[in-house]
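Subject: Structure for you to look at

Hello,

Please find the structure below, followed by notes on what was found in it.

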Amino acid sequence: MADIQRVGVIGAGLMGSGIAEVHARAGIDVVVTEVSQPALDAGRARIEKSLQRGVRAGKLTEADAEAALKRLTFTTDLSAFADRDLVIEAILEQEQAKVEVFRSLDKVVEREDAIFASNTSSIPIMKLGMATRRPAQVIGIHFFNPVPVLPLVELVPSLLTGEETIARAEAHATEVLGKTVIRSQDRAGFIVNALLVPYLLSAIRMIESGFASAEDIDRGMELGTAHPMGPLRLSDLIGLDTIKAIAESMYEEFKEPLYSPPPLLLRMVDAGLLGKKSGRGFYSYA
Ligand SMILES: C[C@H](O)CC(=O)SCCNC(=O)CCNC(=O)[C@H](O)C(C)(C)COP(=O)(O)OP(=O)(O)OC[C@H]1O[C@@H](n2cnc3c(N)ncnc32)[C@H](O)[C@@H]1OP(=O)(O)O
């Protein structure tokens, strides 16, 4: 069943670079694309840094890291995806941009049995499937940040995704990448973010109302419930722009007030305070 040898990853941000890295480490040939050369260079640097971190932690040898890097090809040219068995899209959480990517992929990828996956956490897989001539081969494969460390993948078929696509994607995630798979219906937020995002937004509202400090909220959840990081440090890790986008999609889908992004989150994103990746969010990262 593990028949997927050539993978393409669209987007080399936090998630895309992690997805490319775990594939290269699993022995898969990977093509990575970005919209610009600087974004591509930043993605490559992120992967190199993470591989070195893995070496320092004793998770892989220097030789494994070098071999993984050799399996990665970086290009800004989408036509390099023509021979891919599986393409995973991991661009910004913007529906129209994702729809455009799937439309382009449909034209570029030549393999009739190729699977088109999205790492989205909130945009309907159905909308992405309908942008192609092959909705039966479109599926959500949602990873968690940091991708090399967290063992979970959410598998999200749309109403039109075929059984064979689901089985191939599941075999790939478990047998090749060594991840644990859970399945969710195609609803904004799937399982994990549907529970996690309202919790993160509630923590942001606590700061907004002067209820408690970021440090105390985080310490409370770390020491009181044994979470590895509190909600505000976790928001900084995920990226405040990403949380805003997921919250907006969930609000759009369910009209549940708890999902609506609080003004403090909106202002911070407007200010470019996006969390760890921009150097400042609820905390500073010098
Ligand atoms: C928003 C999206 O749609 C969905 C999401 O992504 S939601 C966000 C999900 N993510 C989370 O909830 C993250 C929660 N936080 C954590 O899990 C942890 O705090 C953390 C993994 C980020 C950091 O943990 P911490 O213990 O401080 O760091 P560290 O000790 O360096 O790393 C933890 C383990 O990962 C390993 N590791 C770290 N980086 C690695 C890398 N690049 N490659 C391989 N292994 C790595 C370490 O060796 C260590 O392994 P060990 O437990 O066997 O010793």
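UniProt positions are given in the numbering used here, feature names are shortened, and annotations may be inferred rather than shown by experiment. In an unreviewed entry, UniProt lists residues 7-186 as "domain: 3-hydroxyacyl-CoA dehydrogenase NAD binding". Residues are numbered from 1 along each chain as its sequence is written. The model is predicted, with local features needing pLDDT of at least 70 and side-chain atom pairs pLDDT 80 or more, while totals for chains, interfaces and linings use all residues; side-chain values use heavy atoms, without hydrogens and water.

Over residues 7-186 the chain is 41% helix and 21% strand (DSSP runs, H or I of at least four residues for helices, E of at least two for strands, numbered from the N terminus).

A domain assignment, automatic or from a database, gives domain 1 (6-183) and domain 2 (192-278). Their centres, over C-alpha atoms, are 26 Å apart. Twelve residues of domain 1 are in contact with eight of domain 2 (contact: heavy atoms within 4.5 Å).

Helix H10 covers residues 240-254, and its 15 residues should span 21 Å at 1.5 Å a residue, which agrees with the 21 Å between its end C-alpha atoms; the expected span is 1.5 Å times one less than the number of residues. Among its buried residues are Leu240, Ile243 and Met250 (buried: under 20% relative accessible area, 1.4 Å probe, protein chains only). Helices H7 (192-208), H9 (231-238) and H11 (263-270) are included in what covers the buried residues of H10. Just after H10, Lys255 has a positive phi of about 55 degrees.

Regards

How values were computed: Buried means under 20% relative accessible area, exposed over 50%, partly exposed in between (1.4 Å probe, protein chains only).
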